[in-house]
2 protein chains.
Amino acid sequence: MKYPVFFISDSTAITTETVGLSLLAQFPSLEFNKYTLPFIDTPLKAQQAYELINKKSEQYGQNALVFSSMVQPELCHIIQQANALVLDLFEHYLTELEQFFHKTSKHAIGLAHKPEAEESYKQRIAAVDFSMLSDDGTNLKHYEKAEVILVGVSRSGKTPTCLYLALQYGIRAANYPLVAEDFLDTSLPKALKDHQDKLIGLTIEPNRLHAIRKERRSTRAYADPGLCRQEIRYANQLFQRYNIPSLDTTHRSIEELSARIIALKGFKQNSD
Amino acid sequence: MKYPVFFISDSTAITTETVGLSLLAQFPSLEFNKYTLPFIDTPLKAQQAYELINKKSEQYGQNALVFSSMVQPELCHIIQQANALVLDLFEHYLTELEQFFHKTSKHAIGLAHKPEAEESYKQRIAAVDFSMLSDDGTNLKHYEKAEVILVGVSRSGKTPTCLYLALQYGIRAANYPLVAEDFLDTSLPKALKDHQDKLIGLTIEPNRLHAIRKERRSTRAYADPGLCRQEIRYANQLFQRYNIPSLDTTHRSIEELSARIIALKGFKQNSD
């Protein structure tokens with residue numbers, strides 16, 4: 001038996017879905033069919049969503065579960081009439097916040113995203129530009145401007161992590177790919193010598209690296225288990241020798257890696 | 001007067017902060033000092049967070065506001081003793097979900113991120129690879145494999161939107177930069193002819209384009225207001241002539257653009 005689950009929002013529904021999915025992850029034995037409905041921002045659209053919920057509840061013979069975030073009470077109200085358990089992220093908390101601040105809230109759509117007004121948004125876009133230009137060590141001069149440099153062998157997770165750091169946090173993240181010639185001697189690659197305080201090593205279990213490389217490329221040598229083991233061993237030795245803090249990417253998502261990198265580097269996340 | 005606001009999580013705190021900030025955006029007249037505390041996953045760390053909250057509440061002469069998401073009730077409980085309004089994203093909803101499913105939840109950390117097990121995670125990483133390889137029209141053969149191709153003038157928002165589509169949704173998004181030679185005649189650029197069903201146009205107000213270009217590059221010609229107006233006019237005419245659906249990026253974040261692109265293209269977000 002699968003449960004029908006809706007994620008409904010007057011905006012992108014990205015946050016609504018993320019929250020909903022992390023709550024549902026606490027029920028790993030259950031299965032869900034997901035329906036994401038973004039931009040439900042008029043009574044008509046809310047009415048259509050209401051009808052779809054009821055249709056699914058009937059089809060499944062089971063009340064649907066609805067995660068919603070609607071800042072306008074009248075739209076929220078329409079959804080709440082459906083044959084479903086409706087958990088609205090805004091309704092519950094806005095009431096508590098209004099009491100806390102002794103202030104009514106705006107209940108207005110679109111207050112959360114104002115790209116042109118926000119310094120932090122500009123910073124994110126600038127960091128994305130930076131990551132694109134400096135990807136995979138092709139522009140070593142960028143290391144000067146980088147806030148962090150991820151060091152690791154091919155397919156250890158450097159590029160997507162750099163991009164996530166840029167997109168989510170506005171951090172200028174460069175990367176340095178460790179290749180065969182870096183392992184010819186035991187010293188730190190020349191390009192990194194002046195930037196030791198910016199380095200974070202990425203490591204990974206050899207079996208997982210082998211699996212990833214095998215999926216990606218056709219040449220057998222590249223994914224060879226022995227080569228994977230050797231490269232990782234060299235990389236880990238380098239991290240140890242130069243006291244480079246490192247993270248194992250085997251079981252970590254780019255979200256977690258990014259948050260841990262920020263914690264490791266002590267990037268300012270707090271107001272003081 | 002500023003309010004101290006905490007975002008506390010046993011995981012990355014990314015979702016907690018996003019939810020908290022979108023709620024606070026409903027109180028635009030208030031100001032906040034933000035403290036983000038990720039990976040609070042032991043009683044000791046929870047105790048330290050508790051003490052920091054109390055310290056700030058005292059410093060500000062004002063109870064702090066705490067958004068938390070802690071799946072373990074004992075950690076949640078420690079935070080809730082602080083001199084603060086604590087709004088926990090899990091506590092409230094897990095209880096409701098347990099009743100709905102007639103099932104107890106796991107209350108276990110780390111269930112939400114299992115990168116190696118999830119097909120959708122692999123798809124996101126593969127889509128990031130794709131976006132990097134196909135960025136800015138340098139690899140036209142990638143258009144075959146693209147699910148969507150964003151078309152627009154330089155600095156209209158193509159690259160960060162492609163990356164967000166890849167990172168968040170696992171969508172293979174390529175882009176085509178419209179340049180001077182594309183405007184020499186009125187026909188669709190040759191590279192796009194076989195892919196008309198994949199195209200989405202990005203447009204932007206000329207003043208905003210001018211401001212963005214001025215900030216980014218030093219050459220005056222590139223940011224010239226007249227050139228910006230002309231390029232945008234040509235681009236919009238192209239979109240109209242070939243019935244290319246288009247989005248104005250002037251006041252839209254990459255999150256919103258991505259969600260709207262998915263809605264426009266009808267990418268499968270629902271289970272049926």
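This is a predicted model: local features need pLDDT of at least 70, side-chain atom pairs count only at pLDDT 80 or more; totals for chains, interfaces and linings use all residues.
Two packed helices are described by the angle between their axes and the distance between the axes. Here are two such pairs, one from each chain.

| Helix pair | Angle between axes | Axis distance |
|---|---|---|
| H5(B) (residues 119-134) and H6(B) (residues 158-169) | about 165 degrees | 7 Å apart |
| H6(A) and H10(A) (residues 254-265) | roughly 70 degrees | within 9 Å |

Let's take the chain B pair to begin with. An angle over 145 degrees counts as roughly antiparallel, and H5(B) and H6(B) therefore get that label. The crossing of H5(B) past H6(B) is left-handed. On the H5(B) side, the contact is made by Arg124(B), Ala127(B), Val128(B), Ser131(B) and Met132(B), and these meet Cys162(B), Leu163(B), Ala166(B), Leu167(B), Gln168(B) and Tyr169(B) of H6(B). Sort the residues of this contact by type and you get eight nonpolar, two polar and one charged.

Ser131(B) is worth a stop of its own. This serine sits in helix H5 of chain B. Is Ser131(B) buried or exposed? With a relative accessible area of 3%, Ser131(B) is buried. Setting aside neighbours within four places in sequence, Ser131(B) touches Cys162(B), Leu163(B) and Ala166(B), and also Ala173(B). Cys162(B), Leu163(B) and Ala166(B) also turn up on the H6(B) side of the helix contact.

Over in chain A, the H6(A) and H10(A) pair is arranged another way. An angle from 65 to 115 degrees counts as roughly perpendicular, so that is how H6(A) and H10(A) are described. Which residues bring them together? From H6(A) come Pro160(A), Thr161(A), Tyr164(A), Leu165(A) and Tyr169(A), while H10(A) supplies Ile254(A), Glu255(A), Leu257(A), Ser258(A), Ala259(A), Ile261(A) and Ile262(A). This contact divides into nine nonpolar residues, two polar and one charged.

**The annotated binding site in chain A**

An unreviewed UniProt entry carries a "binding site" annotation over Gly152(A), Val153(A), Ser154(A), Arg155(A), Ser156(A), Gly157(A), Lys158(A) and Thr159(A).

Gly152(A) belongs to strand E5 (residues 148-153) of chain A. Gly152(A) is buried, with a relative accessible area of 0%. Apart from neighbours within four places in sequence, its contacts are Lys158(A), Tyr176(A), Pro177(A), Leu178(A) and Leu202(A).

Ser154(A) lies in the loop between E5 and helix H6 (158-169) of chain A. Not counting residues up to four places away in sequence, Ser154(A) touches Leu178(A), Leu209(A), Arg213(A) and Tyr222(A). Leu178(A) is also on the contact list of Gly152(A).

Most residues other than glycine have a negative phi. Two residues here go against that pattern.

His107(A) has a phi near 50 degrees. It lies in the loop between helix H4 (89-101) and helix H5 (119-134) of chain A. At 28% relative accessible area, His107(A) is partly exposed.

Phe39(B) has a phi near 55 degrees. Phe39(B) is in the loop between strand E2 (31-37) and helix H2 (43-60) of chain B. Here the residue is buried, with a relative accessible area of 7%.

Methods. Residues are numbered from 1 along each chain as its sequence is written. Chains are lettered from A and ligands numbered from 1 in the order in which they are written. Side-chain values use heavy atoms; hydrogens and water are left out. Axes are lines fitted to C-alpha atoms, for helices over the stretch in contact, and angles run from 0 to 180 degrees between N-to-C directions. Helices (H or I, at least four residues) and strands (E, at least two) are DSSP runs, numbered from the N terminus. Angles under 35 degrees count as roughly parallel, over 145 as roughly antiparallel, 65 to 115 as roughly perpendicular and the rest as oblique. A crossing is left-handed if the near helix is turned anticlockwise from the far one by less than a right angle, and right-handed if clockwise. Contact means heavy atoms within 4.5 Å. Ala, Val, Leu, Ile, Met, Phe, Trp, Tyr, Cys and Pro count as nonpolar, Asp, Glu, Lys and Arg as charged, and the others, Gly among them, as polar. UniProt positions are given in the numbering used here, feature names are shortened, and annotations may be inferred rather than shown by experiment. Buried means under 20% relative accessible area, exposed over 50%, partly exposed in between (1.4 Å probe, protein chains only).
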